[in-house]
Amino acid sequence: MAKTSKKIEGDIYRLLRDSTLFTMISGNVYRERMRPKDSVLEDAIVIFTTGLPTQIQTGVVTINIYVPANDPYEDGTLTEDGQRCEEIEALAQAWVDSLTAEVSCYQFELSQTIHTTWNPDINQSFVVVKLAYRYFGDDNEPLMTPQQAMIDATDTDTDRGYLPLLETEDGDEIIIQPVIEKK
């Protein structure tokens with residue numbers, strides 16, 4: 001059975017909520033048409049754009065990350081906050097790069113370059129991320145959220161006084177999970 005648009009949108013929503021990108025924006029993550037109309041925060045909107053329900057599902061999900069305008073000359077003329085848009089574009093690229101097969105049954109890549117667009121109706125810019133996906137699982141495959149932090153540590157006989165920090169006294173491995181907190 002193929003995943004529906006809402007399930008795919010929900011998966012991307014959860015992956016974004018579990019990311020460093022989410023902690024670095026001032027707002028929240030919303031599904032399409034759920035963002036408050038009067039928001040002036042850096043909100044991320046997840047939008048299912050297109051999909052094909054073949055044996056390996058393919059499609060595109062768009063993420064728009066809004067960036068409030070600034071008034072650099074304090075004369076009431078609002079302009080794009082270019083520096084902040086550039087920062088968010090870089091954070092978005094790092095998030096896309098982190099979406100590996102270890103996290104889900106999705107394979108992701110950008111379907112176009114991450115870019116910024118101006119919305120004159122609300123005097124805000126938004127960073128556009130068009131995320132192409134290929135889905136290899138069934139509709140009940142789990143997402144790995146929160147994502148586990150993988151740390152490699154080795155011990156050799158030549159290390160004096162080295163104690164492995166990632167094992168319990170019983171020899172069990174410790175899994176460290178990142179704490180996601182908003183800034």
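Arg-35 is placed over the face of Tyr-66, at 4.0 Å from the ring centre, where a charge counts as sitting over a ring if NZ of Lys or CZ of Arg is within 6 Å of the ring centre and within 35 degrees of the ring normal. A further arrangement of this kind involves Arg-31, which lies over the face of Tyr-13 at 5.8 Å from the ring centre. The model is predicted, with local features requiring pLDDT of at least 70 and side-chain atom pairs counted only at pLDDT 80 or more, whereas totals for chains, interfaces and linings use all residues. Residues are numbered from 1 along each chain as its sequence is written, and side-chain values use heavy atoms, with hydrogens and water left out.

The chain contains three helices and six strands, these being DSSP runs numbered from the N terminus (helices: H or I, at least four residues; strands: E, at least two). Read from the N terminus, the order of elements is α-α-β-β-β-α-β-β-β. Of the 183 residues, 33% count as buried, the classes being buried under 20% relative accessible area, exposed over 50% and partly exposed in between (1.4 Å probe, protein chains only). Among contacts (heavy atoms within 4.5 Å) between residues at least 6 apart in sequence, 59% join residues at least 24 apart.

The structure holds four aromatic pairs, for which rings of Phe, Tyr and Trp (its six-membered ring) must have centres within 6.5 Å, with planes under 30 degrees apart counted as stacked, over 60 as edge-to-face and the rest as tilted. The pair of Tyr-106 and Phe-108 is stacked, because the ring centres are 5.2 Å apart and the planes lie at 20°; Tyr-106 is buried at a relative accessible area of 2%, and Phe-108 is buried at 12%. Tyr-106 also forms an edge-to-face pair with Tyr-133, at 5.9 Å centre to centre and 80° between the planes. This pair links distant parts of the chain, since Tyr-106 belongs to strand S4 (residues 106–110) and Tyr-133 to strand S6, 27 residues apart. Ring pairs join Tyr-106, Phe-108, Tyr-133 and Tyr-135 into a cluster.

Glu-74 is located in the loop between strand S3 (57–68) and helix H3 (82–98), and counts as exposed at 74% relative accessibility. Asn-123 is located in the loop between strand S5 (115–119) and strand S6 (124–135), and counts as partly exposed at 33% relative accessibility.
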